[in-house]
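Visitor: Please take one part of this model and go through it closely. I would like to hear which charged side chains pair up there, and what surrounds them.

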Amino acid sequence: MRTATATAAAVTTTLIGAGAAAVAAGRYAADAALRPEPGRPLPGSPRVSVHSTAPGQVVLTRSLASLRPGIYGLDAPGIHAVAGPVLPGVPHDPDTVVRRLLAVTHGTLDPGTRVHLTPQVHRGNPRTALGLEHADVDVAGELGPLPAWFVPAARDTWVITVHGLGASREHPMVVMPFLNRHQLPVLSLGYRGDLGAPASPDGLGHLGESEWRDLDAAIRYAVRYGARRVVLHGWSTGGAMALRAAERSALAGRISGIVLDSPVLDWHATLRALAAARRTPAPLLPFVVRAAEARAGLRADRGAPGADPGALRVPVLVFHGPDDPLAPWEPSRRLAAARPDLVTLHAVADAGHGAMWNADPARYEEALRRFLTPLM
């Protein structure tokens, strides 16, 4: 009996120890998935090798990513370039693809360099990257000053742009020339966790669930400095922030429209993809997702952004792709189906997360023009 009792106790101790280890590992991996790391490649953006360059051309390893249509940044430490569309009819090896090389803004694309294709096309600021005059401003947020760029224009409807996962306020520069041509002032916001902005109190990102308050501060800033109305344009978690601000801000009445690009509307799926991208072992993923939801305060009883279509009060334009590996597009499709009176969905094929403009800039900007014209 003593032997059996001792054996049972040992097994119980082992199981408790294994369970505690799993919980600890799950919490550690959850924190890793939630920790904001601007510039870190996201799921669906594998590295490819530069094989060679020639005037106006770059030869890359053939992959689903390097074959995508449109315009992308090529990123590596100390290197940034801009690749345009695939060039048909140019001789190349079967395992490569030739794209138009539009610019090399930092470093050199030497053969053998490993790069990521990224939707973040521009580096620098609106003046150095685009030739647009701007002001560096501080928005008074609840955690401290938030850095932002203000690009002035004649209208009194402002567009507030909010980047998403793995990006910075450089990403929204892809739409700034279009918005400036239409005389719309732009406030491009950096929020908690960004370079130059206060850190989140727990050091973690919350998929927009706390970050929306920084966007609320940007709305207050815009109204204080002359905006009669604002349009919120959010990518990824920035889209979640825009929907939360429309639901919760005391100045929601000043919001005249919302543009969502690859919005994160399904916390569970996004956290699972982020955890998997951090090489979390598959058996731990359920622990990690639950731990991350708890750590980020993503409570089921609150509902994800956009979960209540009846709460929408302003027109919404959604750009999303069925191939998005990080933010499933099904919630966007359901939102559009539930509120056809307010929500317009533009499906974009062959595009990664946050890369709807990149896949077809002309089509994106035409849809944006049609949406914004009655709101200007």
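Guide: Asp 156 is partly exposed, with a relative accessible area of 27% (buried is under 20%, exposed over 50%, partly exposed in between; 1.4 Å probe, protein chains only). The model is predicted: local features need pLDDT of at least 70, side-chain atom pairs count only at pLDDT 80 or more, and totals for chains, interfaces and linings use all residues. Residues are numbered from 1 along each chain as its sequence is written, and side-chain values use heavy atoms, without hydrogens and water.

The partner of Asp 156 is Arg 228, and their side chains form a salt bridge at 3.8 Å, N to O (a side-chain nitrogen of Lys or Arg within 4 Å of a carboxyl oxygen of Asp or Glu). Because Arg 228 lies in the loop between α4 and β11 (229-235), while Asp 156 is in the loop between β8 and β9 (157-162), the pair ties together parts 72 residues apart in sequence. Helices (H or I, at least four residues) and strands (E, at least two) are DSSP runs, numbered from the N terminus. Arg 228 itself is exposed, at a relative accessible area of 53%.

The structure holds 16 salt bridges. Another of them joins the side chains of Glu 142 and Arg 213 at 2.8 Å, N to O. This pair also links distant parts of the chain: Glu 142 is in the loop between β7 (135-141) and β8 (144-151), and Arg 213 is in helix α4 (residues 212-224), 71 residues apart. Both ends are partly exposed, Glu 142 with 47% relative accessibility and Arg 213 with 33%.

Next along α4 comes Asp 214. Its side chain meets that of Arg 192 in a salt bridge of 2.9 Å, N to O. Here the separation is 22 residues, with Arg 192 in the loop between β10 (186-189) and α4, and Asp 214 in helix α4. These two residues are buried: Arg 192 has 6% relative accessibility and Asp 214 has 0%. Glu 142, Arg 192, Arg 213 and Asp 214 are linked in a network of salt bridges.

As for the helix, α4 has 13 residues and reaches 19 Å from its first C-alpha to its last, close to the 18 Å expected at 1.5 Å a residue (1.5 Å times one less than the number of residues). After α4 comes Gly 226, with a positive phi near 120°.

For context, here is the rest of the fold. 6 strands close into a barrel in the order β1-β2-β5-β4-β3-β6, with antiparallel pairing (two strands pair if DSSP finds at least two bridges between them).

The largest nonpolar core has 47 residues, and Leu 60, Leu 74 and Leu 109 have the most contacts inside it (a set of buried Ala, Val, Leu, Ile, Met, Phe, Trp, Tyr and Cys residues joined through side-chain atoms within 4.5 Å). Its largest share, 5 residues, comes from helix α10 (residues 361-372). A second, separate core of 38 residues includes Leu 232, Ala 245, Leu 260 and Leu 265.
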